[in-house]
Amino acid sequence: MESETKTLASNVAREILVISNSDSTVDDCKAAVTYLESVKAGNVGALSQVSFLLVENDWPLQVRTYASKMLQYLVRLRWDELSPSEHMDIKGASFELMSEVANPCEECPMKSETVALVAEIFERADPEMWQEMFLSLVSLSSRGPLQAELTLMVVKRLSEYHIDHIKELEDKKHRYLTQGLPDILVWLHDLLEKHFEAARNAEGRQKVELVKQHSDAVVACLNAINLFAEWAPVLYLSEYRIVDQCASLLSSSEFCHLACMFFKLICSRLMTSSGVINGSEYDFAERICKIMVSLGSTNLQCIFADSGALALYLKQMLEYQHFKFGLHFGSLFFWLALMENLIPDPKAPNPGGKGSASEIVNSSGHLDGGKRELLRRIDDDTASTILDVSFQRSNKKDEVPPGTNLSLELSDCKDKEEFCKYQRRLFGLIKLISSHKPIIASKKISSRTTMLIKNISVPSAPFQYAAAMKIQSTALESIMRSLFCGSNEFAGGSSEVHFQLQVIFEDLLQELLYVKWTEPILIQAHGDYLNAMIPFLKFLPDAVGSVINKMFALLASLPPVSHTCKVTRLSICSSLTRVAKAADKSIIPHLKGLADTMAHMQKEGTLLPGEHSSLVEAFFAMTSASGAEAQQDNFASLIEPVRQQWTQPEWQNEYLSSPSGFVRLCSNPALMWSILNTVVLFENALKGCRFKKRKLNRSSEMSPLACHLSWILPPLLKLFRVINSLSSPAVYQTLPTKSKAAMKILEFELQSVRGIWSRKPPKGLFTYSSQGSTSDIQNWLKAIRDSGYRVLHLSVTMGDTFHTSIDANSVAVAFMENMWWMEFRHIKQLINSFVVYLVKDCPADKWKSWLEVLLVPLLTHCQRALSSSWTSFLRHGTANVPDLRSFEGEKNFKQLEQKLLIDLTRATADLLSKMSAPELNTGIPTLKHSDELVYGEISFLKDFHALKSSSLSPLELQKVDPSSIAVLFTSLHLDRWWNNQQSPSVIHLAIMTNNEELREFVSKDLFHALIMSLTIADNMKNSSILVGMCSEIFVYLSQRHQAPRQVLLSLPRLTPDDLRAFEKALAGTSEPKKQKQLTRSLLSLAIGISLNNS
């Protein structure tokens, strides 16, 4: 039987070659055709067997392709003659054949015929067999790009057959394809994604052949998808992410044409006869909107080149300003990015999202020459439509008056943060459109605001109008900033435009000044609107007084009885400061009246102390524009109520005279925060015109604050003294539990210690609980220290004025009386925020009276505290840092201790560095022309005490045990950090003066510490300076002291012979550079570390 089949196959192959040969005669061809037709009409089993034998690759291509056609004939016309088992055999053999032809060497005709054969079997299969075949197709496609390409060609054939015969086929003949459509679309999506990524990866690896194979698979997949796009339900294409995947290919130059064809096909099917999107297809419409945005991001230059296409594109994008949120949200990215590109505005908010928006900017960035034409396309109607939708979209559904139908449903945004981002984009778009069409934007916002005011004025008006007004005030502020900020004139345009804008906003301002509301929520909205109008006041100075009076009236009408009222009052105070900033010199005539008004309101209790401090600070910023003498008078008028309260002895005696008084202060939250706000006022006044960014002259003759330091500083020092006394053990034991808890280190301070960035507590007007909670007291203590130290620092910069305004002993008592108990972080803050500035700015004639009383106890304590803590840390693993007393629950307790210890070590070293600055030590001689000292000649030494009048270091070293400096250097060595400014000064003093104690310290302790510092890897970058100091010590002091030789010989790697050779080499040169090189070589040998390349 097998031999007969092979014989028959050979005969069939021979006849196939006859009809394929162009040299065959007509008669031979007819005879061959007749024979082949007889075989096709003969035994169906024999036909199947022969055909499958002839498709094998042993036969010529003509034979194989003809045999494949015979199999297609068998399946198409004689399928029913076969048994179910034969059906399965043919199916299996066909898939095996398709697997075989999926190789790079196979001819295309054979691949095409094999695909057609498998497609024919699909068309004849029953449901069970159809499903099995599809699974086999999926399995085969996973083997590689060549197999995937063939399987995709099969599916494409099925879709073509469906389209060609959809009217002729009975339902049962094509329902298998439609029923399996979801699975097919998911498979197509996965294949498209997989092979596109694979092609990109192969391209990156420069695998040229592999790139071609995966690219062919992508093309085959897109071809199949485009056939399905002609008839598959559009929602299916959207639901199974075919739309998204094709959209991602629009930016690919290789596949964008096929991807665009997909969208062309589905868009042609999307619209109904009326041209209106069907309500059931909004989800798909949202995706189309995204595609349109993506199209603009990649091809805007092409669209722009065709005026007709550009008009159509802009019209379509305008239609997406729709009442359905998804459509509007998608188009918002386009309009915002386009307007940002056409109207550059560095202050405009970023779109806040990735993808389409930023891409459009890049795509249209080269259209500079055509921006004018593109802007012309955004006409009045377009701008009006965008503004209308943007205004109404900026509200949530539950925040707008009844009847507003374009507000957001609560379900449209997932959370408040998402909605805020969306709002920012809206306001950014409003601002940009306003720059382009100022009259339209101004009229719209004015009319909407006027309408809201009139509706709110109706007694029965719902409170939703207040929320809508809040949003509209933000929109108004966006427009005002667009039109009136950043220029001395109105927004660009003709004088006619300027006139119209002025009329519009003058009328609106009059409406806002006329209206009177009493409800706190409406007063807050009212204040927001006046705040939004502030940029306009620069161009309407006559209205400044009316606006200020209105804001004070709002303050007076709003009692601080609730949190909402307090927040609203603070908002109004902030608005008043903005008025002061915007009004500039036009506020000067009102300053005296403002001072009287604030004093009157404070006396009546309608202006809180903190609010008064905030306003004084703001208005003081404006006084610098009124001239020196007027500035003094204006500031004195503004600050007089503060002076009267701050200098009252009653509250100082009651609360600042003892720790128990401070405990009582903690039970009076209102007074606590009033004190803090007053200190913050002093701080900002000393800084100068903070809002105007204008620096005041810091000299005592010019500064309006110079004459006020004498009453500002004493109560502040009393406050510091009583706060510092709380750390004393005797006092701490008597404190209530709440006060003890408040002294613990704050969480954000811990984060700072851990090296984690954290936001500092807000300065100025804090909110507080009526009971004065522990956290309130903690925040207050932190804020009063921060602001109080800044007041002292800024006062010091006034020079002699500071030193004549306050007694040095009162400063010393405030900070040194309880220095022994202070926490490390507070000592560090004292040093960094006050003492270093005092050292830097203190006149030389005040060194003895001022610096001795501060620096001697400070440095002495730091020496003892650091010595004890470092010793304990090294021996026992704990530093006993006072900051962490009663502290529990921290896993990294030791690391926190070490960090606090290191911080204080560094702060102390920095103080020593400042003390050793050249400008503070002009009397210390240099080492130039001091060769005689190398040989121990002591007649050239300076008197140590004689340098005190011109140098700070001798003055302090006289009072401070030099061993304290040794402790610091040892600590710095342990910390793997060092300071290179203090040591040269100390070294030079030891070399050039006759102070034996200092010389012994430098020769022994400091020399050893410097050498040990060279063993730390982190110090390699500074090793050249360290080696230079070691060289100076040995060269100049080894003849007068044995310690330098003893230190070197104590190093395990150095022998006496090495030292003698070193000294011999030194004796042969007097050049510092050569001496340094020799010292470097010796130290490299001694510590076993190469220092040659440092």
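The structure is a predicted model, in which local features require pLDDT of at least 70 and side-chain atom pairs count only at pLDDT 80 or more, while totals for chains, interfaces and linings use all residues. Residues are numbered from 1 along each chain as its sequence is written, and side-chain values use heavy atoms, with hydrogens and water left out.

The chain has 53 helices and zero strands; helices (H or I, at least four residues) and strands (E, at least two) are DSSP runs, numbered from the N terminus. Of the 1094 residues of the chain, 54% count as buried, where buried means under 20% relative accessible area, exposed over 50%, and partly exposed in between (1.4 Å probe, protein chains only). The accessible surface of the chain comes to about 48900 Å², and 51% of this area belongs to carbon and sulfur atoms. These areas come from the Shrake-Rupley method with a 1.4 Å probe, and for residues only the protein chains shown count as cover. Among contacts in the chain with a separation of 6 or more, 74% are accounted for by residues 24 or more positions apart; contact means heavy atoms within 4.5 Å.

Helix α4 (residues 61-78) has 18 residues. From its first C-alpha to its last, helix α4 reaches 25 Å, close to the 26 Å expected at 1.5 Å a residue; the expected span is 1.5 Å times one less than the number of residues. The buried residues of α4 include V63, A67, L71, L74 and V75, and also the charged residues R64 and R78.

In soluble globular proteins, nonpolar side chains tend to be buried together. A nonpolar core is defined here as a set of buried Ala, Val, Leu, Ile, Met, Phe, Trp, Tyr and Cys residues joined through side-chain atoms within 4.5 Å. The largest nonpolar core holds 192 residues, of which F505, F619, W780, F815 and F834 touch the most other members. Helix α43 (residues 847-876) contributes the largest share of this core, twelve residues. A second, separate core of 82 residues includes V44, L74, V75 and L188. Two of these residues, L74 and V75, are among the buried residues of α4.

The surroundings of F834 can be described residue by residue. Leaving aside its neighbours within four places in sequence, F834 is in contact with Y789, L792, H793, V796, F802, V811, F815 and Q829. A further buried site is S442, which is placed in helix α22 and has 0% relative accessibility. Not counting residues up to four places away in sequence, S442 touches I479, L483, L501, I504 and F505.

A search of the whole structure finds 25 salt bridges, a salt bridge being a side-chain nitrogen of Lys or Arg within 4 Å of a carboxyl oxygen of Asp or Glu. One of them joins D388 and K444, with the closest N and O atoms 2.9 Å apart. D388 lies in helix α20 (residues 380-393) and K444 in helix α22 (residues 438-457), so this pair ties together parts that are 56 residues apart in sequence. D388 is partly exposed at 27% relative accessible area, whereas K444 is buried at 18%.

D903 is buried at 12% relative accessibility, and K899 is partly exposed at 28%. In the salt bridge between E15 and R14, the closest N and O atoms are 3.7 Å apart; E15 is buried at 15% and R14 is partly exposed at 45%. R76, E120 and R124 are linked in a network of salt bridges.

Two further residues illustrate local placement. E160 lies in helix α8 (residues 145-165) and is partly exposed, with a relative accessible area of 24%. A polar contact of 2.7 Å joins the side chains of E160 and K156; a polar contact is a pair of N or O atoms within 3.5 Å, where within protein one must be able to donate a hydrogen and the other to accept it, and residues adjacent in sequence count only if both atoms are side-chain atoms. E160 and E230 are 70 residues apart in sequence, and their C-alpha atoms are 9.8 Å apart in space. S1023, in helix α50 (residues 1023-1037), is buried with a relative accessible area of 1%.
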